[in-house]
Amino acid sequence: MHVLSVSSLKGGVGKTTVSLGLASAAFARGVRTLVVDLDPQSDVSTGLDISLAGRLNIADVLTSPKEKTVRQAIAPSGWTTTHPGKLDVMIGSPSAINFDGPHPSIRDIWKLEEALAYVENEYDLVLIDCAPSLNALTRTAWAASDRVSVVTEPGLFSVAAADRALRAIEEIRRGLSPRLQPLGIIVNRVRNQSLEHQFRIKELRDMFGPLVLNPQLPERTSLQQAQGAAKPLHIWPGDSAQELAHYFDQLLERVLRTGRVGEYAEGSARDEPEPIEPVS
């Protein structure tokens, strides 16, 4: 089971939208996937069309990460009612904000890792939609993760925010979780005709090199439309939706290769990209 955190250090860059796009790509590919909604806004739970009836949620899991609690907090995505596949959600809750203090204990940081251990044989991929901060919830997610993708947009503060995130990932790797690595930086909401966006993407590439992932995701209304309808992007009609679906397929391919998921699990080491060290 490969665990990927989808993170940003500020709101409004489309982090949850990227989580839903990756979930749609994984669902279309038949990858057994669990999405953990660790953002107190709980938007990814809404976008994955889950039923809350009789379920616990992430706040219950962080209070007591026992197997019974974990299983009661996981629900199938509504996407599976019309298309076959395994896509489940560890349900989000606004109460998760109570666990997002600035100084978490070591015990608290490892609670999600403990919870995921109960279901590690049931999924190939776990996507964690993180809170948009560097407080306890994000550190809890990273401690449970193999990789972190940093979502940003090509704006004035993108370089500084990405730099802070990569430095924080390195801090967690050195201090808590040696297996943790950055997947890279996903640049979202790109307007290709914007000179400002071109400049900021070049700035990101100059500073972070291969950590800036391809493809960058163009700004398209179809993504918000699919999200608002709680439907997978891969079945949403229109050329722009299919263009974006293809981009998410490419990003998912990177996730699966680096994580040796599915058909890559038995591949030789020389077939895989080398782990990317964070920028120092």
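Does Asp-129 count as buried or exposed, and at what relative accessibility? With 0% relative accessibility, Asp-129 counts as buried, where buried stands for under 20% relative accessible area, exposed for over 50%, and partly exposed for what lies in between (1.4 Å probe, protein chains only). The structure is a predicted model, in which local features need pLDDT of at least 70 and side-chain atom pairs count only at pLDDT 80 or more, while totals for chains, interfaces and linings use all residues. Residues are numbered from 1 along each chain as its sequence is written, and side-chain values use heavy atoms, with hydrogens and water left out.

The predictor's confidence in each residue, pLDDT, runs from 0 to 100; its mean over the chain is 91, and 95% of the residues reach 70 or more. Residues 268–280 have pLDDT below 50, and this stretch makes 29 contacts in the model beyond near neighbours in sequence, a contact being heavy atoms within 4.5 Å.

Asp-129 belongs to strand β5 (residues 125–129). Helices (H or I, at least four residues) and strands (E, at least two) are DSSP runs, numbered from the N terminus. Leaving aside neighbours within four places in sequence, the contacts of Asp-129 include Val-6, Lys-15, Thr-16, Ser-19 and Asp-39. Val-6 sits in strand β1 (residues 2–7) and, at 0% relative accessibility, is buried. Val-6 and Asn-214 are 208 residues apart in sequence, with their C-alpha atoms 16 Å apart in space.

Helix α1 comes next. The expected span of a helix is 1.5 Å times one less than its number of residues. For the 15 residues of α1 (residues 15–29) this gives 21 Å, and the end C-alpha atoms are 21 Å apart, so the two agree. Of these 15 residues, 13 are buried, and α1 is thus mostly covered. Just after the helix, Gly-30 takes a positive phi of about 85 degrees.

Grid points are joined across faces, edges and corners, and a volume is the space filled by probe spheres set on the points. The largest pocket holds about 160 Å³ of space. Among its 15 lining residues, Gly-12, Lys-15, Thr-16, Asp-39 and Gln-41 lie nearest the centre. Helix α1 provides the largest share of this lining, 3 residues. By class, the lining of the pocket has 2 nonpolar, 8 polar and 5 charged residues; here Ala, Val, Leu, Ile, Met, Phe, Trp, Tyr, Cys and Pro count as nonpolar, Asp, Glu, Lys and Arg as charged, and the others, Gly among them, as polar.

There are 2 cavities of 30 Å³ or more in the structure. In the largest cavity there is about 70 Å³ of space, and of its 13 lining residues the closest to the centre are Leu-20, Ala-226, Gln-227, Lys-231 and Leu-233. Helix α1 gives the largest share of this lining too, 4 residues. The lining of the largest cavity divides into 7 nonpolar, 5 polar and 1 charged. The second largest cavity has about 50 Å³ of space, and β6 gives the most to its lining, with 3 residues.

Some loop residues complete the picture. Pro-94, in the loop between β4 (87–90) and α5 (106–109), is exposed at 59% relative accessibility. Its C-alpha is 8.0 Å from that of Asp-39, although the two are 55 residues apart in sequence. Beyond residues up to four places away in sequence, Pro-94 touches Pro-40 and Ser-42. Ser-42 has phi near 60 degrees, a positive value in a residue other than glycine, and is buried at 10% relative accessibility. Asp-49 likewise has a positive phi, of about 55 degrees, without being a glycine, and is partly exposed at 38%.

Notes: On a 1 Å grid over the protein atoms alone, a cavity is a set of points where a 1.4 Å probe fits but cannot get out, and a pocket is an open set with protein on both sides within 12 Å along at least five of seven lines; lining residues have an atom within 4 Å of a point.
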